[in-house]
Amino acid sequence: MRTPIIAGNWKMFKTVKEAVAFIEDVKGKAEVAGVESVICAPYTNLPALTEAVQGTSLKIGAQNVHFEDSGAFTGEISGLMLKEIGVDYVIIGHSERRAYFAETDEIVNKKVLAAFKHGLLPIVCVGESLEEREAGKTKDVCRVQTEAALQGLTEAQAAQVVVAYEPIWAIGTGKTSTAEDAGEVIGYIRERIAAQFNSDVAGKVRIQYGGSVKPNNIREFMQHPDIDGALVGGASLEPASYISLVEGAR
Ligand SMILES: O=C(CO)COP(=O)(O)O
């Protein structure tokens, strides 16, 4: 059985003070047996957050990582640095990074390999644009992005990957995919992982849905047998809303 995973992607929101106050509010509440609960925060929050979640089951993730360990890469942060401060997860290849920061499938793959090198677990984002959806390319886009991201991983590593299927048109728009539709794409992604590795690996990889997930629709997505959780932007920012999301994944 795959453990459901709810991950909040805070994007570029919250100061350190706000981030720590959030953890105080959700401690013990956004902790539900059998559900993994991860907050992916801006870099500046991470040291305080890894400290704040000590003694809880909450996990902390970054939203990006550079693929080199160190070097002349002004403004970048490496996996080595994230591991040192106790980060567990890292979001890689979010559509906002692909669109605004020119991340290619090749860069995403390098980052996934770098994450494993440092013992960080990647949450790899894939998903189609509205244009691609309308052109009937949804599955192709997801296949190409997923295969590229997981290239070069061992079977043991691949089995630990979290994939987030986030249709770009559903992000921050209030439009969601239906659970049935998202489940179909996610089922297809799982089939492709089975083809790339094997069915044992594919059976272990957790695949989330992301895109306007809210407390009022989380249960619908979680009821689909192929959907293992959610990557949530806007609705992860308020403690009460985040707690409801984690409870909804039970
Ligand atoms: O991009 C997302 C999570 O990574 C989704 O954002 P929203 O939940 O705000 O639509």
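**Legends to the close-up views**

**View 1. The largest nonpolar core of the predicted model.** This core comprises 79 residues, and those making the most contacts inside it are I6, I39, I123, I189, I193, Y209 and Y242. Helix α9, which covers residues 179–196, supplies the largest share of the core, namely six residues.

**View 2. The surroundings of Y242, one of the core residues with the most contacts.** Leaving aside residues up to four places away in sequence, Y242 touches I6, G8, F22, V26, A30, S37, V38, I39, A235 and S236. Two of these partners, I6 and I39, are themselves listed with Y242 among the residues that have the most contacts inside the core.

**View 3. The fold of the chain, with its twelve helices and eight strands.** The radius of gyration is 17 Å, close to the 18 Å that the globule rule gives for 250 residues, so the chain is as compact as a globular protein of that length. The C-alpha trace spans about 45 × 45 × 35 Å along its principal axes.

**View 4. Burial, accessible surface and charge in the chain.** Of the 250 residues, 54% count as buried, while the accessible surface of the chain comes to about 11000 Å², with 52% of that area belonging to carbon and sulfur atoms. The chain carries 25 positive and 33 negative side chains, and the centres of these two sets lie 2 Å apart.

Technical notes: Residues are numbered from 1 along each chain as its sequence is written. This is a predicted model: local features need pLDDT of at least 70, side-chain atom pairs count only at pLDDT 80 or more; totals for chains, interfaces and linings use all residues. Side-chain values use heavy atoms; hydrogens and water are left out. A nonpolar core is a set of buried Ala, Val, Leu, Ile, Met, Phe, Trp, Tyr and Cys residues joined through side-chain atoms within 4.5 Å. Buried means under 20% relative accessible area, exposed over 50%, partly exposed in between (1.4 Å probe, protein chains only). Helices (H or I, at least four residues) and strands (E, at least two) are DSSP runs, numbered from the N terminus. Contact means heavy atoms within 4.5 Å. The radius of gyration is taken over C-alpha atoms; the globule rule is 2.2 Å times the number of residues to the power 0.38. Accessible areas come from the Shrake-Rupley method with a 1.4 Å probe; for residues, only the protein chains shown count as cover. Lys and Arg count as positive and Asp and Glu as negative; His and the chain ends are not counted. The place of a charge is taken as NZ of Lys, CZ of Arg, CG of Asp or CD of Glu.
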